[in-house]
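Please open the structure in a viewer and keep the selection panel at hand.

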Amino acid sequence: MEDSWHQLQPKTGFLVRLADRLTDQSWQTLTQLYQPIIGPSAAGLYSALFWLPERASYKRHATILGLLGMDLAHFYQARLRLEATGLLVTTYKTRDELTSFTYELHAPLLPADFFKDDLLSVQLLGVVGEELYRTLVTNTTSKPLPANDEQDITKNFLDVFHVDGQELSRLPAAITATREILPTSSSAPAILPTQSEDFDFKLLGEILEHSFIDTQALRGQRQLLLTEHATYGLDEVTMARYVGEATDLATNQFNAEQFKRIIAQHFGQQHRGTAAVNVSATSAAQPASQGSRANSAEQALLHVASKTAPAVFLQAIKQKSGGYVTDGEQRIVRDLVSRQLFPESVLNLMIYHVLVDEDRPTLNKNLLDTIANDWSRSKITTPKLAIQKIRERQQAARKPRQSRSRQPTVKETLPDWAKKPAANEESATAKLTPEQQTQLQARIAKLKDRNAQGKEE
């Protein structure tokens with residue numbers, strides 16, 4: 001179905017489902033953290049859908065439009081913002097040529113999970129500013145502290161209940177089987193479509209199982225782990241080591257920012273002075289006229305781009321040209337990977353195009369954002385489509401710019417008498433023969449005599 005509000009009609013039916021139980025904290029988080037991002041119209045739509053009477057039965061969109069006082073275009077924009085932030089999942093079905101929608105509401109993330117999400121936290125920071133952002137973090141995530149004269153006497157689970165250690169080491173089948181179908185700690189959908197995961201989280205959990213690290217706390221960092229894995233090509237064993245280095249031994253708290261810094265530092269140290277992959281410094285889109293050599297070079301580039309992590313691919317290009325990967329370039333690549341707009345192979349070709357085809361010394365964020373927007377709009381999802389897009393861009397750049405049309409020059413033809421200046425004309429008498437000159441003088445003398453006689457009379 002075409003993704004457009006023009007497909008909606010006031011008479012189109014819809015129903016509302018609730019995926020989670022909303023608490024007072026959910027509404028507080030929606031107002032304080034989500035509303036600055038999605039705007040009051042989207043927050044109002046969320047509230048209106050939740051409080052809609054008999055929401056499980058089909059109603060026309062005209063009902064919700066009347067409650068909100070908005071038209072279909074603004075309703076659609078508000079719906080998109082709810083979908084983008086994971087608060088709403090929209091499905092539709094067509095039966096007997098009638099289309100109906102289902103709007104499934106999801107609870108807002110817990111404040112701590114919200115601030116751990118890279119996309120949501122960056123977007124909120126850009127809207128409210130650093131000072132208010134820090135205030136929101138403090139006010140929404142801090143736990144109440146006991147007074148100085150209070151003493152904590154709370155018992156833990158093992159103080160109250162007797163637990164057999166053998167039962168914990170070998171959990172009953174009913175527990176293990178049902179855990180596989182349980183949702184994660186938050187049933188809110190992923191903000192972006194999930195990548196095809198080749199990272200084994202189960203193996204990572206088994207590696208960390210006997211360590212001091214709280215694996216339950218890492219569930220909220222799933223997207224971060226996937227991004228780092230896709231960016232640097234980290235395996236499960238290496239990832240577990242970096243997770244341990246970024247976890248405080250005293251508080252058992254995982255530090256996401258320190259985790260990213262550690263990986264970036266290790267990457268720079270490990271790849272300094274070594275070439276991980278062989279990347280040929282030929283154009284990413286060779287002209288077809290170059291024959292089989294161009295085709296083989298293109299195939300080799302496609303193979304390397306499909307098998308190499310973006311950061312490693314970038315490092316190989318830099319080393320071939322004698323440069324090095326800057327911290328800013330690592331952040332740029334990580335940001336592109338986290339957006340999940342393209343497969344890693346397409347990102348590699350984008351990097352190659354900028355550094356090799358465009359002959360740029362470093363990656364420029366604005367240029368990459370421009371190319372990424374263009375490729376996203378053109379639905380570039382495979383390396384072959386990326387090569388084709390690069391070729392089209394190069395052909396367009398080679399076309400000469402059209403100059404301004406010049407007005408035709410008008411040539412005026414001068415008459416014969418005006419072609420020679422008068423100063424250069426010879427005297428008419430100089431061209432007469434002696435006889436003609438004598439006759440002319442006689443006529444002049446005769447005319448003078450007539451004039452003299454006329455005066456005397």
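Contact, as used throughout this tour, means heavy atoms within 4.5 Å. This is a predicted model, in which local features need pLDDT of at least 70 and side-chain atom pairs count only at pLDDT 80 or more, while totals for chains, interfaces and linings use all residues. Residues are numbered from 1 along each chain as its sequence is written, and side-chain values use heavy atoms, with hydrogens and water left out.

**Stop 1: Ser-121 and helix 6**

Select Ser-121, which lies in helix 6; helices (H or I, at least four residues) and strands (E, at least two) are DSSP runs numbered from the N terminus. Ser-121 counts as buried, at 8% relative accessibility. Buried here means under 20% relative accessible area, exposed over 50%, and partly exposed in between, with a 1.4 Å probe and protein chains only. Leaving aside neighbours within four places in sequence, Ser-121 is in contact with Phe-114, Phe-115 and Tyr-133.

Now display the side chain of Ser-121: it reaches the backbone oxygen of Asp-117 at 2.6 Å. This is a polar contact, that is, a pair of N or O atoms within 3.5 Å; within protein, one must be able to donate a hydrogen and the other to accept it, and residues adjacent in sequence count only if both atoms are side-chain atoms. Asp-117 also caps the N-terminal end of helix 6, with a side-chain oxygen 3.1 Å from the backbone nitrogen of Leu-119.

Just after helix 6, Gly-129 takes a positive phi of about 90 degrees.

**Stop 2: Phe-114 and the nonpolar cores**

Select Phe-114 next. Not counting residues up to four places away in sequence, Phe-114 touches Leu-33, Tyr-34, Ile-37, Leu-109, Leu-120, Ser-121 and Leu-124. Phe-114, Ile-38 and Ile-64 have the most contacts inside the largest nonpolar core, which has 38 residues. A nonpolar core is a set of buried Ala, Val, Leu, Ile, Met, Phe, Trp, Tyr and Cys residues joined through side-chain atoms within 4.5 Å. Helix 2 gives the most to this core, with seven residues. Apart from it lies another core, of 32 residues, among them Phe-313, Ile-332, Trp-375 and Ala-386.

**Stop 3: helix 3**

Select residues 61–68, which form helix 3; His-61, Ile-64 and Leu-65 are buried there. They cover an arc of only 100 degrees around the axis, which puts them on the same side of helix 3. What covers them includes strand 1, helix 2, strand 2, helix 4 (72–84) and strand 4. The face of helix 3 turned away from its buried side carries the exposed residues Gly-66 and Leu-67. Helix 3 is followed by Gly-69, with a positive phi near 65 degrees.

**Stop 4: the sheet**

Which order do the strands of the open sheet follow? The four strands have the order 2-1-4-3, with mixed pairing; two strands pair if DSSP finds at least two bridges between them. Strand 2 (59–60) and strand 3 (88–95) are the edge strands, each pairing on one side only. Strand 3 runs antiparallel to strand 4 (residues 98–105), and eight bridges join them. Select Thr-94 to find Thr-99 of strand 4 standing opposite, then Arg-95, whose bridge partner in strand 4 is Leu-98. Strands 3 and 4 form a hairpin with two residues between them, and Asp-96 in the turn has a positive phi of about 55 degrees.

**Stop 5: two loop residues**

Select Glu-54, in the loop between helix 2 and strand 2. Its phi is near 50 degrees, a positive value in a residue other than glycine, and Glu-54 is exposed, with a relative accessible area of 65%. Finish at Lys-379, in the loop between helix 19 (365–377) and helix 20 (383–398). Lys-379 has a positive phi of about 60 degrees although it is not a glycine, and is exposed, with a relative accessible area of 62%.

Terms used: The arc is that of the directions from the helix axis to the C-beta atoms.
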